[in-house]
Amino acid sequence: MTELPLSGRKVLVTAGPTYEDIDPVRYLANRSSGKMGFAIADAAAAAGAEVQLVAGPTNCQQQHAGIVRSDVRSALQMLDAVLEKLQGVDVFIACAAVADYRPARLASEKIKKSGTRMQLELVRNPDILATVAALPQPPMTVGFAAETCQVEAHARRKLQQKNIHLIAANCVAGGQGFDRCDNRLLLLYADGRQQDLGLQSKSALADELIQVIATELRAGLLATATP
Ligand code: C5P
């Protein structure tokens with residue numbers, strides 16, 4: 001029997017948006033559909049990996065029966081779920097569009113409108129990917145950077161700041177990338193290499209990304225900016 005590229009490997013994927021509740025009927029969120037993250041989870045499972053998927057609120061459905069999925073709502077819940085599932089994981093792929101901030105207070109009743117303006121105090125959410133990358137023995141860490149301008153420069157900065165192995169950058173200006181079946185990804189490696197995967201369907205991109213990850217794992221030469 002031929003060995004699949006990720007046979008024997010454990011992969012943990014985050015996907016979709018997070019919802020940060022303001023009161024019982026309102027929340028803050030972003031435009032992520034979850035399609036890219038679900039395509040990656042499916043591609044990893046098809047490549048023979050044991051896949052755990054932590055998903056924010058989404059209508060997506062995983063295709064592979066073997067994928068173990070946990071549904072969460074907020075960034076804090078996503079962080080807890082990720083840390084709980086990390087044991088033995090070889091690759092962490094953070095595809096979720098995690099909300100950077102959450103409301104400082106969750107109102108227990110629906111907030112009533114009063115004046116013409118209102119202020120909402122927000123506090124910073126933890127960075128899940130950077131938290132995992134900072135662990136004493138982190139898995140291979142793969143991030144995504146959705147940018148509207150200077151895609152490569154912003155993505156390279158995130159790769160370095162989060163101290164991860166690989167980042168997949170894409171331009172989301174003018175609605176590109178969001179809630180669509182195609183995307184264009186540029187891969188930036190911590191050792192300075194880069195690779196343009198071009199414009200393709202999200203499932204084709206996911207397959208290519210998984211092949212790249214399998215090759216990097218096999219080579220065992222994973223580098224981050226700060227070794
Ligand atoms: O939001 P940002 O552009 O920094 O996201 C870059 C990468 O970091 C993505 O892979 C995203 O999933 C991850 N991230 C995270 N936790 C956050 C913010 C981003 O894991 N709070």
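Predicted model: local features only at pLDDT ≥ 70, side-chain atom pairs only at ≥ 80, totals over all residues.
Residues are numbered from 1 along each chain as its sequence is written. Local features need pLDDT of at least 70 and side-chain atom pairs pLDDT 80 or more, while totals for linings use all residues, and side-chain values use heavy atoms, without hydrogens and water.

**Exercise 1.** Determine how the rings of Tyr19 and Tyr27 are arranged.

*Solution.* Rings of Phe, Tyr and Trp (its six-membered ring) pair if their centres lie within 6.5 Å, and planes under 30 degrees apart count as stacked, over 60 as edge-to-face and the rest as tilted. The ring centres of Tyr19 and Tyr27 are 3.9 Å apart and the planes stand at 10 degrees, so the pair is stacked.

**Exercise 2.** Identify the charged residues that sit over the rings of Tyr27 and Tyr189.

*Solution.* The criterion requires NZ of Lys or CZ of Arg within 6 Å of the ring centre and within 35 degrees of the ring normal. Over Tyr27 sits the charged end of Arg73, 5.4 Å from the ring centre. Over the face of Tyr189 lies Arg193, at 4.1 Å from the ring centre.

**Exercise 3.** Classify Tyr19 and Tyr27 by accessibility.

*Solution.* Buried means under 20% relative accessible area, exposed over 50%, and partly exposed in between (1.4 Å probe, protein chains only). Tyr19 has 19% relative accessibility and therefore counts as buried. Tyr27, with a relative accessible area of 38%, is partly exposed.
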